[in-house]
Each structure stands twice: as structure tokens, then as C-alpha cells.
Amino acid sequence: MLRLDVLATPLAVARITSILAHRQFDVVTMDIAAPVDGVRRITIEVDTADDIRLQQLVKFLNRSNDVVKVIRLSDDMSHNRRGAFVTVTFPEGRLAEAVAIARAFSAEIVEADRTRCTVFTAAEPDRVDDLVKALSGFTIRELVMAAPLRIARPLRKRTAVERGHTWGQR
């Protein structure tokens, strides 16, 4: 997952996608935020396990005049969430079952009647996938998922205990 800070100019996003297409990267998700102080934040998930190709992509992106900064966001150094709406239908009398599944996943029922409900969740991507799988026992009428949102975790100083320091021991 890459986070780019890009100048908020009319063609900047087009030039970024052109770099991705020219280098033949398959974009899994791309989230483009509204500009703040002349800079637009773009979060891109590309389909590659090849670390060398990803490093090359970071170099190509950094060469672009539109790019201010590129940061690689690894799973262990960032928070990752995905939002999803799932609308399911079911035979009359099974609403309580759908509500129980939603509650088990800390999801919210945003609308419901006797034969249909819409569930919303914002959670780690795997948890969202598990919720959708649990609801697949009903008829899924609509599924809308946002691109994963990711933000770097703040770096914290390690304590003396975490560094392995032992007082008074020889």
C-alpha cells in the first residue's frame, strides 16, 4: 500500500495513473482525498508481491513533478479499515438472525423491515470479508465497499523494559 502526497493540480491524478499503467501495475484500490493546503493525498493498493517492482514504482513516482512524497504503508506500521454497506433479503421471520450476525461483528443495522435489512460496518478488511461471508446465508442484494483507508501509526519510543534493560542484574 502506498500513500502519496500530490500537488492538487488539474492533471496530477491523471499523470499518477499514467505512471501506474505504463509500468503495468494492476491497481486494486485507489482512494483520492480532497485537497488540503494545495496537496491531495492518494492511497494506492497495487497487486504485486514483488518488493523490487514496488521499490521501482516508488522511485518512478518520486520522479514525478506532481509528487511531494511517497510512503509505503505496511500492515504492521499502519491502521487499516474498510467501510461496507450490505443489503440482504430473507424470508419473513429471519430478521433477528441477520441482526444477531451484525451484532456479532459490531456492525450497525441502518435500515430494516420484515424481509430486508442494510448493515454498515467499518472494520479491518478481513473482518469486513468475514461479515459478508456470514451474511451470505441470506440473499445479498447490494454490496458497496470502500477502498481500504490506511493511516500510519505514530512512532512511539520503546520503554527500557521493551529494550531489554535490566536494573541491578549482573
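A salt bridge is counted here where a side-chain nitrogen of Lys or Arg lies within 4 Å of a carboxyl oxygen of Asp or Glu. By this rule, the structure holds eight salt bridges. The structure is a predicted model, in which local features need pLDDT of at least 70 and side-chain atom pairs count only at pLDDT 80 or more, while totals for chains, interfaces and linings use all residues. Residues are numbered from 1 along each chain as its sequence is written, and side-chain values use heavy atoms, with hydrogens and water left out.

Among the salt bridges is the one between the side chains of Asp51 and Arg72, at 2.6 Å from N to O. This pair links distant parts of the chain, 21 residues apart, with Asp51 in helix H2 (residues 51–63) and Arg72 in strand S4 (residues 67–72). Helices (H or I, at least four residues) and strands (E, at least two) are DSSP runs, numbered from the N terminus. Asp51 is partly exposed, with a relative accessible area of 37%, and Arg72 is partly exposed at 39%. For these classes, buried means under 20% relative accessible area and exposed over 50%, with partly exposed in between (1.4 Å probe, protein chains only).

Arg94 and Glu97 also meet through their side chains in a salt bridge, at 2.9 Å from N to O. Arg94 is partly exposed at 28% relative accessibility, and Glu97 is partly exposed at 39%. A further salt bridge joins the side chains of Arg116 and Glu111, with an N to O distance of 3.4 Å. Salt bridges with shared partners join Glu111, Asp113 and Arg116 into one network.

In helix H4 (residues 125–135), the buried residues are Pro125, Val128, Leu131, Val132 and Leu135. Seen down the axis of H4, these residues fall within an arc of 120 degrees, so they line one face of the helix; the arc is that of the directions from the helix axis to the C-beta atoms. Asp126 and Lys133 are exposed on the other side of H4. The cover over the buried residues of H4 includes strand S5 (78–89), helix H3 (95–104), strand S7 (116–123) and strand S8 (139–145).

Helix H3 has Ala98, Val99, Ile101 and Ala102 as its buried residues. Down the axis of H3, they fall within an arc of 160 degrees, so they line one face of the helix. On the other side of H3, Ala96, Arg103 and Ala104 are exposed. The buried residues of H3 pack against strand S6 (108–112), S7 and H4, where contact means heavy atoms within 4.5 Å. After H3 comes Ser106, with a positive phi near 55 degrees.

Positive phi values also occur in two loops. Most residues other than glycine have a negative phi. Gln24, which is not a glycine, has a positive phi of about 60 degrees. Gln24 sits in the loop between helix H1 (12–22) and strand S2 (27–32) and is exposed, with a relative accessible area of 68%. Asp37, also not a glycine, has a positive phi of about 55 degrees. This residue is found in the loop between S2 and strand S3 (39–46), where Asp37 is exposed at 79% relative accessibility.

The side chains of Asp66 and Arg15 are joined by a polar contact of 2.5 Å. Such a contact is a pair of N or O atoms within 3.5 Å; within protein, one must be able to donate a hydrogen and the other to accept it, and residues adjacent in sequence count only if both atoms are side-chain atoms. Leaving aside neighbours within four places in sequence, Asp66 is in contact with Asp5, Val6, Leu7, Thr9, Ala12 and Arg15.

Towards the end of the chain, Pro154 is found in the segment after strand S9 (149–152). Pro154 is exposed, with a relative accessible area of 69%. The C-alpha atoms of Pro154 and Met77 are separated by 8.3 Å, although these residues are 77 residues apart along the chain.
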